[in-house]
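Me: I've got a structure open and I'm new to this. Can we walk through it together?
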Amino acid sequence: MYYGYHLSLFVEGGVITKTCSSVAFDRRKYTKSSDTCFKSDKHAATIAAVMDKSDSTLIEVSNCKNKLRRNPEQPVPEYNEERRKELTARTAYAKGFALDETLESVMKFFETYGPYEAVHMRTYKDKAENKNMFKGSVFVIFKDVETCKKFLELEEVKYKDKPLITKWQADYFEEKKQERDEKNSRKAKKHSEDRKPHTFPKGAILHMTGFKGDTVRETIKKEISEINGKDAAYITFEKGDTEGYVRFSEESGAVEFVKKLTDSKMKVDDKEITVRALEGDEEEKFLTDLSATLSKMRNQNKHFGKGKNRKRKGPGDSGPRAKHGRN
């Protein structure tokens, strides 16, 4: 059994001949340097002895039992689109493993379901722990399409009495693509809605003047509600102001409100307040300023929430961060 994607040693003519510097025979720790070797001859001899007992035909052991090389009849395949499709066609996705599960245990489990080439433990980067964590799902590259199909057609697959979710890798990628497309569509729709200009009904802005002392917005709201039979949409007024504005949600809401008063007067905190509905240029200017204010507030809120509660993304499903195992 050959573990890992990489075995970097000192090579002469495709044969591992020497040992030096650092150990590279580790599926999680490897180097691309062409002159990296083992710490001692003992390491090389031990690994050669293990490889000699393996059923794999990928690695050849020399007669002296201290040299390794890749089988010349099994050259490293070129990874192109055709190769990618060929691998995808015999790759299964399985989810439901414990997050602390080991690669060795998962590999041993899949030996039951026929020959396979590799098991890929999917990981993500935990920023708090500053290390890669297992997602609980794997990709398994079986030896051929038929073996993969046979595995996926099983009615139920359990790992340590827990049912696994299994599917073709291609189906998994397609589902994820659809999820991303739907998410992007929702974001685009929301962005489009956010960019829509604010629209307000005409004849719905009421100007009020004559306030003195400690009148508060809640008092104005109460008086308007009693006269109008329902609350106003918004009241622009701060304690200490002498005038304020009321926005109604209905077309001509302010006009109709004034008609319910006598001489455009109403009482607030026993004070006589003069009211009128804005119209013409005055109304247009108020609504333009209001729209600009609301747009500014919307942008501020959007930037304020940026980065909060953001879903953590993993580093991806390939490369040295993920754990791999080969048969």
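Reply: Let's start at a loop. Asp269 lies in the loop between E14 and E15. This is a predicted model.

Me: What is phi of Asp269 near?

Reply: Phi of Asp269 is near 55 degrees. That is a positive value in a residue other than glycine.

Me: Is Asp269 exposed or partly exposed?
Reply: Asp269 counts as partly exposed, because its relative accessibility is 31%. Exposed would need over 50%.

Me: And where is Asp270?
Reply: Asp270 is in the loop between E14 and E15 too. Its phi is near 65 degrees, again positive in a residue other than glycine. Asp270 has 74% relative accessibility, so it counts as exposed.

Me: How many residues sit between the strands of that hairpin?
Reply: The hairpin of E14 and E15 has 2 residues between its strands.

Me: How many bridges join E14 to E15?
Reply: There are 4 bridges, and the two strands run antiparallel. E15 covers residues 271-277.

Me: Which side chains of E14 are buried?
Reply: Met266 and Val268 are buried, and they point to one face.

Me: New topic. Which residues touch the most other members of the largest nonpolar core?
Reply: Phe97, Phe110, Val119, Val138 and Phe142 do. This core has 21 residues. Elements giving two or more residues to the core include strand E6 (116-126) and strand E7 (131-142). Helix H3 gives the largest share, 5 residues.

Me: Why would nonpolar side chains be together like that?
Reply: In soluble globular proteins, nonpolar side chains tend to be buried together.

Me: What does Phe142 touch?
Reply: Leaving out residues up to four places away in sequence, Phe142 touches several residues, among them Phe110, Tyr113, Pro115, Cys148 and Phe151.

Me: Which residues does the second core include?
Reply: Leu206, Met208, Val258 and Val268 are included in that separate core of 20 residues.

Me: Last thing. What pLDDT does the chain average?
Reply: The chain averages 81, and 77% of the residues score at least 70. Over residues 1-39 the pLDDT is below 50. That stretch still has 99 contacts in the model beyond near neighbours in sequence. Residues 310-321 are also below 50, with 20 such contacts.

Key:
Residues are numbered from 1 along each chain as its sequence is written. This is a predicted model: local features need pLDDT of at least 70, side-chain atom pairs count only at pLDDT 80 or more; totals for chains, interfaces and linings use all residues. Side-chain values use heavy atoms; hydrogens and water are left out. Buried means under 20% relative accessible area, exposed over 50%, partly exposed in between (1.4 Å probe, protein chains only). Two strands pair if DSSP finds at least two bridges between them. pLDDT is the predictor's confidence in each residue, from 0 to 100. Contact means heavy atoms within 4.5 Å. A nonpolar core is a set of buried Ala, Val, Leu, Ile, Met, Phe, Trp, Tyr and Cys residues joined through side-chain atoms within 4.5 Å.
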